[in-house]
Amino acid sequence: MSSDLHQMLRSYDIVMSEFAVLYPERKADLAFGRACLIDWLATRAARMGRVGDFLSMMIELAKHDPVFASKSIFWSYLRPLARKVRQVIKTFLRHPTGFLEQRRKETLAFLGPEGSPALWQRSADNLTSGVEGL
């Protein structure tokens, strides 16, 4: 599969132009298929980190079908971003002073419950008893 997203779209347009001639009654279905392809290509560009290709595909989608483009932007990008921001805000509000501390505790959960001595900690008696024996 090509990594040139614009070439993929051009190839699709060449093939679908033949179908448009053969099946003129399916014009709306072909237009919807093209919009879905452009949306998929934009998503692929975003996942590959190619911002320029993403923006050009979204502009192409907006030219082709503005309603589809607005729904795609909302449902595919803005809504998940809003959910992520809301999740971070809720976590911060639950632990306003210890937001980062809470994250650290989650990362170090393997050390045992809070208040229990860590595996590498020894009591003062254990440290001095080894020295006295020498």
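How many of the 134 residues of the protein chain count as buried, as a percentage? The figure is 19%, where buried means under 20% relative accessible area, exposed over 50% and partly exposed in between (1.4 Å probe, protein chains only). This is a predicted model, in which local features need pLDDT of at least 70, side-chain atom pairs count only at pLDDT 80 or more, and totals for chains, interfaces and linings use all residues. Residues are numbered from 1 along each chain as its sequence is written, and side-chain values use heavy atoms, with hydrogens and water left out.

View 1. Along the sequence the pattern reads α-α-α-α-α-α. Helices (H or I, at least four residues) and strands (E, at least two) are DSSP runs, numbered from the N terminus. Among the contacts with a separation of 6 or more, 51% are between residues 24 or more positions apart; a contact means heavy atoms within 4.5 Å. The accessible surface of the chain is about 10500 Å², and carbon and sulfur atoms hold 63% of that surface. Accessible areas come from the Shrake-Rupley method with a 1.4 Å probe, and for residues only the protein chains shown count as cover.

View 2. The expected span is 1.5 Å times one less than the number of residues. After α2 comes Gly49, which has a positive phi near 80 degrees.

**View 3. Helix α3 covers residues 51–64.** Its 14 residues should span 20 Å at 1.5 Å a residue, and the end C-alpha atoms are 20 Å apart, which agrees. Buried in α3 are Asp53, Phe54, Met57, Met58 and Leu61. Seen down the axis of α3, these buried residues fall within an arc of 130 degrees, so they line one face of the helix. The arc is that of the directions from the helix axis to the C-beta atoms. Their cover includes α1 (5–22), α2 (27–48) and α4 (66–94). On the other side of α3, Val51, Gly52 and Lys63 are exposed.

**View 4. A salt bridge links Glu60 and Arg34.** The closest N and O atoms of Glu60 and Arg34 are 3.2 Å apart. Glu60 lies in helix α3 and Arg34 in helix α2, so the pair ties together parts that are 26 residues apart in sequence. Glu60 is partly exposed, with a relative accessible area of 25%, whereas Arg34 counts as buried at 14%. A salt bridge is a side-chain nitrogen of Lys or Arg within 4 Å of a carboxyl oxygen of Asp or Glu. Side chains of opposite charge can pair when their charged atoms come close.

**View 5. Further salt bridges belong to the 4 that the structure holds.** Asp29 and Arg26 meet through their side chains at 2.9 Å, N to O. Asp29 is partly exposed at 46% relative accessibility, and Arg26 is partly exposed at 47%. Arg50 pairs with Asp53, with the closest N and O atoms 2.6 Å apart. Arg50 is partly exposed at 27% relative accessibility, while Asp53 is buried at 18%. Salt bridges that share partners also join Asp13, Arg34 and Glu60 into one network.

**View 6. Ser72 is a buried residue of helix α4.** The relative accessible area of Ser72 is 6%. Leaving aside residues up to four places away in sequence, Ser72 touches Asp39, Met58, Leu61 and Tyr77.

**View 7. Helix α1 holds both Met8 and Phe19.** Met8 is buried, with a relative accessible area of 17%. The C-alpha atoms of Met8 and Leu41 are separated by 8.6 Å, and the two residues are 33 residues apart along the chain. Phe19 is partly exposed, at 36% relative accessible area. Ile14, Val15, Phe19, Leu22 and Tyr23 make a nonpolar surface patch of about 490 Å². Patches are made of residues with over 30% relative accessible area and no salt bridge: like charges are joined within 9 Å, and nonpolar side chains (Val, Leu, Ile, Met, Phe, Trp, Tyr) within 5 Å.
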